[in-house]
Amino acid sequence: MAKERIVVFTGAGISAESGLRTFRDSDGLWEEYRIEEVATPEAWIADPERVLRFYDLRREQVIKAEPNTAHHAIAALEKGYHVDVVTQNIDDLHERAGSSRVLHLHGEIRKVRSTSDPALITELNSTSLRLGDRCALGSQLRPHIVWFGEEVPGLPLAASLVERADRLLVIGTSLQVYPAAGIIHYASPECPVVLIDPNAVDIRLGRVLHILATATAGVPSLVDRWLAESGISE
Ligand code: NAD
């Protein structure tokens, strides 16, 4: 029998307990910069060095961070279910925890891409990217990040995964950043939706079970329950 399909949709909150600050934290990196100065195509044109510095810092933090028990629990969910992780995060903590299908809607901090051919994406084998670092075609490399105002190439695939999901688990996202936040609306009316976030979230779906907990407090126990339902006990 085919395994039930679960889509796990994550935001910055799942990585908060790994030491990576969320978008809205008042003490965060984002506080020191304005979005328009570091995370838009206009910022890249105006001051590429500032943009590169900003992402170098984020990359250093991601490399130092470790997946937490919520990332590991999501990876373990694959023992009983077909799991697709759709994440707004640019860190690689889901992959390092062992999840095998991870779709990054907003790019990946440890990758870079060509400014002349967006399909030319490579791993960055260093912590920093510099002006003058070039792709195989000779063009400047940029962070493999979807900036505000840019198209989100993974969106159609994410929407179709959510459409086919038997359950949707949403973790640690304020659902304020569109169009990514809109993918939850592709869930079928029969698909149960569980949200794990310690704060109120304007989720705008009628049938949500909101578990008011941090990711590490809420996710492992939910995963244990769901694995037990599927006949697998941890
Ligand atoms: P957000 O900052 O807007 O929202 C974070 C959410 O996480 C909030 O709802 C908050 O209540 C919740 N949260 C805080 N601590 C939590 C915890 N311990 N456990 C569970 N939930 C917790 O972030 P967002 O919705 O992901 O959107 C902002 C954008 O910022 C995204 O586009 C994302 O790409 C980017 N971002 C990524 C990272 C990362 O890659 N780790 C970090 C910061 C921001």
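## The largest pocket

The lining of the largest pocket consists of 25 nonpolar, 15 polar and eight charged residues. Here Ala, Val, Leu, Ile, Met, Phe, Trp, Tyr, Cys and Pro count as nonpolar, Asp, Glu, Lys and Arg as charged, and the others, Gly among them, as polar. The model is predicted: local features need pLDDT of at least 70 and side-chain atom pairs count only at pLDDT 80 or more, while totals for chains, interfaces and linings use all residues. Residues are numbered from 1 along each chain as its sequence is written, and side-chain values use heavy atoms, with hydrogens and water left out.

The space in this largest pocket is about 980 Å³. Among its 48 lining residues, Gly11, Ala12, Thr22, Phe23 and Asn89 are the closest to its centre. A pocket is an open set of points on a 1 Å grid over the protein atoms alone, where a 1.4 Å probe fits, with protein on both sides within 12 Å along at least five of seven lines; lining residues have an atom within 4 Å of a point. Grid points are joined across faces, edges and corners, and a volume is the space filled by probe spheres set on the points.

Helix 1 (13–16) and helix 5 (48–64) each supply at least two lining residues, and helix 5 has the largest share, with four. Helices (H or I, at least four residues) and strands (E, at least two) are DSSP runs, numbered from the N terminus.

## The second largest pocket

The second largest pocket holds about 300 Å³ of space. It is lined by 17 residues, and Arg113, Pro118, Arg142, His144 and Pro153 are the closest to its centre. Strand 4 gives the most to this lining, three residues.

Domain 1 (1–20 + 67–106 + 152–234) and domain 2 (23–64 + 110–145) both contribute to the lining of the second largest pocket, so this pocket lies between them. The domain bounds come from an automatic or database domain assignment.

## A helix pair

The axes of helix 6 (residues 69–76) and helix 9 (residues 215–229) come within 8 Å and cross at roughly 15 degrees. Helix 6 is therefore roughly parallel to helix 9, a term for angles under 35 degrees. Axes are lines fitted to C-alpha atoms, for helices over the stretch in contact, and angles run from 0 to 180 degrees between N-to-C directions.

## The loop between strands 7 and 8

Most residues other than glycine have a negative phi, and most peptide bonds are trans. Leu175, in the loop between strand 7 and strand 8, has a positive phi of about 55 degrees. Pro179 is found in the loop between strand 7 (167–171) and strand 8 (193–196), and the peptide bond from Tyr178 to Pro179 is cis, with omega near 10 degrees.

Note on methods. Angles under 35 degrees count as roughly parallel, over 145 as roughly antiparallel, 65 to 115 as roughly perpendicular and the rest as oblique.
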